[in-house]
Amino acid sequence: MDGDDCNFPPDSSDDHSQRGSVASSATLSRAQDVLVYICGDSAVHLTVEGLCSVSVQELGRSVREALHIPESAQDAFAFWLCSPLLELQLKARHQPYKLCRQWQDLLYRFTEASEEDISQDEPCLQYRRNVFYPKSKELQIDDEGVLRLLYEEARGNILTGRYPCDPEHWAGLGALSLALDEGTGLDGQQFSTTIRKKKLSSLLPAHVAMGGGGLLSTLRGKSSRQTGLEQNLMAEYRKISTPAGNSPEPTQLLHQYLNTCHSLPYYGCAFFFGEIDKPVQGILQRAKRKAVSVGICLEGVYVMDVKEKHVLLGLQFNELSWDHSYPEEQGDSHILWLEFDGDEDGTPVNKLLKIYSKQAELMSGFIEFCVELRSATEGGAAVEMDGEGSLSQQPAGQDGSNKNGRGGRRGMLRRQSSVLCSRVHSLNTISYVDNGKEIKRLKPKRAASFFSRQASAAAYSAVQVTESLEQG
């Protein structure tokens, strides 16, 4: 998320004790050591005077100088405050020290973490990709150092499963990583030896390298599975391997890796945590929730299954309306509402997805900022080019030229077996149908305060909730 998209609590540093990693006020006027982490388990060591008042803008100059980042690519990166519980992208005017002092307040406000976890959590300052940097500009970067930074971040997101991808993606990306580390001239024996030393988990997503377990995994055997993965990697590696004298330049391999990642519509997203309702399987089953991550970028919103590592719903901004609601009673949840076109027994309907999250306010503000930034882009050309790879929530088998008064927004259909394909049929949604005069309620009643936000009024005519709603 971006720091400007929420109202940070007032600086309460005088009311809270110092945390272990924060310098005491008596020493803040002196030069202090600051570590700025970059992706790939490394850090930039800075010596900063007046730590309590130094801004992101001031730190940025020092970090760019240390990393030799050219002026043409300085907007590609931003500062983040990150921990396992919360991630914040900071603005140039923000002062990291003061935000660190407010970290516990932010965790209480935007996470469901326990008091014990909050008391022990501590953020680190990271320098990584700017969510608002267009992919079209990234493709124009030729500086190897900058490409390396972008590559390390993308690679980390692939290996941890934050960027779900299909076998043809992760096998090709793993082979490119191997080529960047070891060159492109390995023969079969050298390849096998290198894989045993590096381990598959350094080249493939963790859930792929480790396997899903279960009876099938036991029957096949771990060694059989690993052999299959190595063979896939070998096949992809051979596509890029060359004689030792004709090896591609590192920048070529880095560009190829990033270009593959660009085919994943959620590349470069800011990620939020939440839960959605699971479909009820029987009348006696209690309602349960599924953990999801919500990726938001300049192109749209992507809801992903944390456990299964696949997309549940992908929407471009002109395919949705959204809002967020605060708890009305104790025990209620913060909710981000997403409305999109769907189908109910052959009838075009508007579907609502409820995402329960204390970060609903942040997500709503982030969507609004992205929409405004998109609109401000001259002609929207750069963003439209980036959005070509976005997902369609259209059910498999439905004609992509479907028109229901809101045509022109359907993307290309993807096969259902792909992790990139939306799985609307597996979502527990609320559905409405507009018959031209009034709304017919098809599913349980909800609060009538929705649909106040739209990405584009011209592109999407949102259903208006009125007092004529049928009580169903």
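Phenylalanine 272 and phenylalanine 366 are both buried, a term used for under 20% relative accessible area with a 1.4 Å probe and protein chains only. This is a predicted model, in which local features need pLDDT of at least 70 and side-chain atom pairs count only at pLDDT 80 or more, while totals for chains, interfaces and linings use all residues. Residues are numbered from 1 along each chain as its sequence is written, and side-chain values use heavy atoms, with hydrogens and water left out.

The structure holds 11 aromatic pairs, a pair being two rings of Phe, Tyr or Trp (its six-membered ring) with centres within 6.5 Å. The ring centres of phenylalanine 272 and phenylalanine 366 are 5.8 Å apart and the ring planes stand at 70°, so this pair is edge-to-face (planes over 60 degrees apart). The pair joins distant parts of the chain, since phenylalanine 272 belongs to strand 6 (residues 270-277) and phenylalanine 366, 94 residues apart from it, to helix 13 (residues 360-376). Helices (H or I, at least four residues) and strands (E, at least two) are DSSP runs numbered from the N terminus. One aromatic cluster is formed by Tyr163, Tyr266, Tyr267, Phe271 and Tyr302.

Strand 1 (residues 32-38) pairs with strand 2 (residues 42-48) in the antiparallel sense over 7 bridges, where pairing requires that DSSP find at least two bridges between the strands. Valine 34 stands opposite leucine 46 of strand 2. The two strands form a hairpin with 3 residues between them, and glycine 40 in the turn has a positive phi of about 105°.

Methods
Rings of Phe, Tyr and Trp (its six-membered ring) pair if their centres lie within 6.5 Å; planes under 30 degrees apart count as stacked, over 60 as edge-to-face and the rest as tilted. Buried means under 20% relative accessible area, exposed over 50%, partly exposed in between (1.4 Å probe, protein chains only).
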